Amino acid sequence: MAVKFHFHTKAPTLSNRRSLKHFIPLIFEQEGKKLSELDFIFCDDAYLIDINRTFLNHDFYTDIITFDMSADGSSEISGEIYISVNMVAENSLKYSSKDEIYRVIFHGVLHLCGYDDKQPPAKLEMRNKEQYYLSAFESYLTNK
C-alpha cells in the first residue's frame, strides 16, 4: 500500500483508516500526480517542534510539516507528513470541526501536489481544496 500511518505517540481518533488509505491516492490522481509512497507520522507537539527547529529553522508550533521525499526528476511523489495530534485536537475544539484530522491530512497531501498557502489567494485556494476533498471523502464513504 502506498499510504502508511505511523504513530510516534498516542494515536489520534482516526476512523475509516482503510478507506482513507484508498482515498488519498485518488486525490493525487485527480490533481494529475502519481503517488509512489506516503508516510503519515502522528506525533506530539514536542516531537514536531523539534523537527521544525532541526529541519526548517522555525521556532514555533504547527499542526503539520510536509516533506517531499521524491527523487530528483521523478514523476512519482514520495513524502512524509508529520502531524501533531495535540495541535489537531486543539484546533478541532477551536473551529468546532469533527473533521479536523482529515482536513490536516488533505492539507499535507495538497502540499505534495504543489499547492502553497503562504499568500492570501493561495491560502484561500488551499482551504477550498481541503473542503472539496473533505466533501469528496464523505461521499466516498457513503458510496462504498
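## Asparagines with positive phi

Asparagine 57 is exposed, because its relative accessible area of 68% lies over the 50% cut-off. In this predicted model, asparagine 57 is placed in the loop between α2 and β3, and its phi is positive, at about 55 degrees, although the residue is not a glycine.

Asparagine 16 also is not a glycine and has a positive phi, here of about 65 degrees. The loop that holds asparagine 16 runs between β1 and α1, and with a relative accessible area of 35% this residue counts as partly exposed, since that class covers the range between the 20% and 50% limits.

## Aromatic pairs

Across the whole structure, a search finds 14 aromatic pairs. In one of them, the ring centres of phenylalanine 7 and phenylalanine 42 are 5.3 Å apart and the ring planes stand at 15 degrees, so the pair is classed as stacked, the cut-off for that class being under 30 degrees. Phenylalanine 7 belongs to strand β1 (residues 3-7) and phenylalanine 42 to strand β2 (residues 34-43), so that the pair links distant parts of the chain, 35 residues apart. As for accessibility, phenylalanine 7 is partly exposed, with a relative accessible area of 30%, whereas phenylalanine 42 is buried, with a value of 0%.

A further pair, formed by phenylalanine 67 and tyrosine 82, is edge-to-face, with 5.9 Å from centre to centre and 85 degrees between the planes. Because phenylalanine 67 lies in strand β3 and tyrosine 82 in strand β4 (residues 76-84), this pair ties together parts that are 15 residues apart in sequence, and both phenylalanine 67 and tyrosine 82 are buried. Elsewhere among the rings, one aromatic cluster is formed by Phe23, Tyr102, Phe106, Phe137 and Tyr140.

## Nonpolar cores

The largest nonpolar core has 32 residues, and Phe40, Ile83, Ile105 and Phe106 are the ones that touch the most other members. At least two residues of this core are supplied by each of β1, α1 (17-30), β2, β4, α3 (85-94), α4 and α5, and the most come from α4, which gives eight residues.

## The largest pocket

The volume of the largest pocket is about 640 Å³, and 24 residues line this pocket, with Thr62, Ile64, His107, His111 and Asp117 lying nearest its centre. Two or more lining residues are given by each of α2 (45-56), β3 (64-68), α4 (100-112) and α5 (120-143).

How many residues of each class does the lining of the largest pocket have? By class, the lining has nine charged, eight nonpolar and seven polar residues.

Definitions and conventions. Residues numbered from 1 in each chain as written. Predicted model: local features only at pLDDT ≥ 70, side-chain atom pairs only at ≥ 80, totals over all residues. Heavy atoms only, no water. 1 Å grid on protein atoms, 1.4 Å probe; cavity = no way out; pocket = protein on both sides within 12 Å on 5 of 7 lines; lining within 4 Å. Points joined across faces, edges and corners; volume = space filled by probe spheres on them. Helix = DSSP H or I, 4+ residues; strand = E, 2+ residues; numbered from the N terminus. Nonpolar A, V, L, I, M, F, W, Y, C, P; charged D, E, K, R; others polar. Phe/Tyr/Trp six-rings, centres within 6.5 Å; stacked < 30°, edge-to-face > 60°. Buried < 20%, exposed > 50% of the residue type's maximum accessible area, 1.4 Å probe, protein only. Core = buried A, V, L, I, M, F, W, Y, C linked by side-chain atoms within 4.5 Å.
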